[in-house]
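I opened my notebook today to look through one model, sheet by sheet and core by core. Come and read along with me.

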Amino acid sequence: MAKQPNPETRTFNGRVVVNRDWMAEQTGASRATVNLWYTKRAEQPEEARHPEKAVTIERVDFYDQEEFERFYAAHQERKKAKVLPSDTALYEGDVDDVLSINQAAELLGFTDAGAIRKYLSMDTGYFPQPVGTVVSPSGRRQIAAFRRGDLQDFDRRRTGDGTGAAGRPTGPQPRERKPETVERVETAVAYLREHGYQRGVGAKLAVIHGEPAWKWERIVKEARQHLESGTES
């Protein structure tokens with residue numbers, strides 16, 4: 001059984017300190033994403049770096065609240081800067097217009113439809129589901145199609161990485177999965193995108209997150225399948 005979140009604040013040397021569950025609760029990010037912020041802190045510029053641990057209390061790590069809030073504000077600004085600008089034509093026409101996956105990719109500023117296929121393969125609810133299919137430009141096959149209004153909603157809320165919970169819509173998701181499983185897959189997908197696959201990735205992630213290697217080996221396998229299916233033409 002997954003450990004229940006326990007957001008806490010304490011006072012240490014006259015400063016308010018917070019634990020990682022508090023960070024997840026306040027930001028809306030998954031616990032796995034919060035862990036990733038810390039483990040990858042050395043890769044970030046100093047002005048946007050996650051704070052170091054301030055103190056450990058009863059085997060729980062705590063961090064300076066002001067320093068974390070400063071980091072998170074900078075982190076959000078950097079993510080916004082990564083978002084590709086959408087075409088103004090996305091907001092022209094009726095919200096119930098049906099647009100092909102190729103049109104959607106072009107209007108959202110993606111290089112090609114592969115980015116959308118990746119989001120759909122992750123099945124986290126981050127990207128809207130197709131409402132049907134339309135004939136491809138070649139006329140030889142059917143391709144996914146989306147409602148213009150759904151694409152507009154995605155554009156308004158997208159965060160730039162598609163891996164955290166912040167951009168996930170509320171309400172029922174397309175497929176019922178345990179939240180912790182979804183978080184692990186998102187973490188593995190983000191890791192593979194940045195570092196690529198190599199033997200031992202599952203063991204590395206298991207050490208980082210303090211969990212059994214077999215669990216992360218299965219997650220990495222699923223993450224690889226998501227990425228491979230997302231790059232299919």
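**Entry 1: helix H6**

I began with helix H6 (residues 148-157), where Arg148, Gly149, Leu151, Gln152, Phe154 and Asp155 are buried. Buried means under 20% relative accessible area, exposed means over 50%, and partly exposed lies in between, with a 1.4 Å probe and protein chains only. My helices (H or I, at least four residues) and strands (E, at least two) are DSSP runs, numbered from the N terminus. This is a predicted model, in which local features need pLDDT of at least 70, side-chain atom pairs count only at pLDDT 80 or more, and totals for chains, interfaces and linings use all residues. Residues are numbered from 1 along each chain as its sequence is written, and side-chain values use heavy atoms, with hydrogens and water left out.

Next I asked: what covers the buried residues of H6? The cover includes strand S5 (98-100), helix H4 (101-108), helix H5 (114-122) and strand S7 (142-147). Contact here means heavy atoms within 4.5 Å.

**Entry 2: the sheet with S7**

I then traced an open sheet of 3 strands, with the order S5-S7-S6 and antiparallel pairing. Two strands pair if DSSP finds at least two bridges between them. S5 and strand S6 (132-135) are the edge strands, each pairing on one side only. From one strand to the next, the twist averages 50°. Helix H4 packs on this sheet, where H4 touches S5 and S7, and its direction makes about 90° with that of S5. For such angles, axes are lines fitted to C-alpha atoms, for helices over the stretch in contact, and the angles run from 0 to 180 degrees between N-to-C directions.

I looked up how S6 and S7 meet: they pair in the antiparallel sense over 4 bridges. Val134 has Ile143 in S7 as its bridge partner.

**Entry 3: two cores**

Which residues touch the most other members of the largest nonpolar core? Among its 31 residues, they are Phe110, Ile116, Phe127 and Leu151. A nonpolar core is a set of buried Ala, Val, Leu, Ile, Met, Phe, Trp, Tyr and Cys residues joined through side-chain atoms within 4.5 Å. H4, H5, S7, H6, helix H7 (179-195), helix H8 (201-209) and helix H9 (213-230) each give two or more residues to this core.

Leaving out residues up to four places away in sequence, Phe127 touches Leu108, Phe110, Ile116, Tyr119, Leu120, Phe146, Leu151, Phe154 and Arg157. I also noted a second, separate core of 12 residues, which includes Met23, Val34, Phe71 and Tyr72.

**Entry 4: the sheet with S4**

Here 4 strands form an open sheet in the order S1-S2-S4-S3, again with antiparallel pairing. Strand S1 (9-12) and S3 are its edge strands, and each pairs on one side only.

Strand S2 (residues 15-18) is joined to strand S4 (residues 60-64) by 2 bridges. In S4, Val17 has Asp64 as its bridge partner, and Val18 has Tyr63. Strand S3 (residues 55-57) is joined to S4 by 3 bridges. S3 and S4 form a hairpin with 2 residues between them, and Glu58 in the turn has a positive phi of about 50°.

**Entry 5: a loop glycine**

Is Gly93 buried or exposed? Gly93 is exposed, with a relative accessible area of 57%. Gly93 lies in the loop between helix H3 (65-82) and S5. Its C-alpha atom is 9.6 Å from that of Gly149, 56 residues apart along the chain.
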